[in-house]
Amino acid sequence: MSEFSGPEDLSTDHRLAQVVIDGERQLLLPAVRRDRQALLRLLHADFEEVGASGRCYSRAQIIEQLCNEPVVESTRDEVHDPRVRRLSDSLLMLRWRTKPENLSQRTSLWVHSAQGWQLLFHQGTGQSASSQISGRRLGAAGQTTASLRPLRLADAPQVLAAFLSSPDMARQGEVSTLAEAEAYVRMLLEFPARQVPLAVVENSALVGLVCGTIDEANLSAWVWYWLHAEHRGRGLSSRALAALSAELFSSYRLQRLELGLRVNNPASKIVAERCGFILEGRERGKFLINGQRIDVLNYARLPTDPIPPISPLEFRAEAAGG
């Protein structure tokens with residue numbers, strides 16, 4: 001394959017884009033879905049799927065399920081609005097959606113192997129017609145299935161999808177391949193006494209992260225957060241940060257939480273202030289971004305500060321790492 005320098009968007013008529021779009025379409029055909037050999041050819045040996053319901057499936061489970069799928073005469077979903085990004089010479093990301101009457105957003109990772117292009121990872125995020133209209137009101141009303149749990153290494157494909165969801169995620173770290181996503185997660189899990197990374201999950205799928213980096217000597221922590229671009233604007237960051245803050249104050253007995261944000265990031269400013277963080281200072285010209293010096297606002301919260309009127313996400317403790 002030709003030399004490749006970095007992630008790039010491909011037009012839908014690009015040869016590689018057509019290959020993976022066609023592969024995705026094949027997987028929607030009833031005849032292919034009932035053909036075990038065809039599925040073995042299209043699905044990578046390490047394939048994993050997170051369905052629209054949030055349930056995770058292995059390659060063997062998916063093949064068994066599809067081969068025993070009832071015969072339905074009606075037309076299956078089509079690949080609507082496909083968008084292809086080349087992540088490396090051997091890895092492509094395909095994002096698409098299903099038909100409007102049964103809408104869900106789909107993300108697939110296709111890897112080039114000795115067998116050709118194969119599907120490595122697939123995730124579906126259900127979205128009803130009503131949630132499209134009022135989705136930004138759901139978070140404020142508290143009508144969400146989101147919760148928090150410890151980050152796991154198995155979350156790496158969904159972490160990668162989040163980093164690729166928006167250019168502004170580059171400020172959170174260098175994650176543009178699955179290997180980099182796995183290294184990112186391992187780094188956060190390496191020192192559990194110093195890092196408290198909690199996955200924001202909806203229907204069991206990771207859609208964001210909130211984390212506290214603990215300074216044990218001073219009983220304080222630096223906190224930060226991010227969300228997949230498709231899940232922003234619903235209040236999840238605020239509710240996740242509120243839950244993390246409560247966990248750090250109660251379970252870890254910390255006496256001070258700190259965070260910093262760029263002055264040109266008003267959404268993050270809203271999150272901090274909603275969660276009871278108080279502005280303490282301003283670092284002038286701290287970052288150089290696209291040739292422009294950007295100020296940073298410093299916030300902090302103490303356990304004696306007023307408790308903010310916000311409903312935190314439920315924290316579901318479980319073993320981390322796996």
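Arg232 comes out as partly exposed, at 28% relative accessibility (buried means under 20% relative accessible area, exposed over 50%, partly exposed in between, with a 1.4 Å probe and protein chains only). Keep in mind that this is a predicted model, where local features need pLDDT of at least 70, side-chain atom pairs count only at pLDDT 80 or more, and totals for chains, interfaces and linings use all residues. Residues are numbered from 1 along each chain as its sequence is written, and side-chain values use heavy atoms, leaving out hydrogens and water.

So who does Arg232 team up with? Its side chain meets that of Asp168 in a salt bridge, 2.9 Å from N to O (the term means a side-chain nitrogen of Lys or Arg within 4 Å of a carboxyl oxygen of Asp or Glu). Arg232 sits in the loop between β11 and α8 and Asp168 in the loop between α6 and α7 (178-189), so the pair ties together parts that are 64 residues apart in sequence. Asp168 is partly exposed too, at 38%.

Glu230 has a salt bridge with Arg95, with the closest N and O atoms 2.3 Å apart. Since Glu230 is in the loop between β11 (220-227) and α8 (236-250) and Arg95 is in strand β5 (residues 91-97), this pair ties together parts 135 residues apart in sequence. Glu230 is partly exposed at 36%, while Arg95 counts as buried at 11%.

Over the whole structure, a search finds 14 salt bridges. Arg256, Glu258 and Glu280 are linked in a network of them.

Now for helix α6, residues 156-163 (helices are DSSP runs of H or I, at least four residues, and strands are runs of E, at least two, numbered from the N terminus). Here 8 of its 8 residues are buried, including Leu160 and Phe163.
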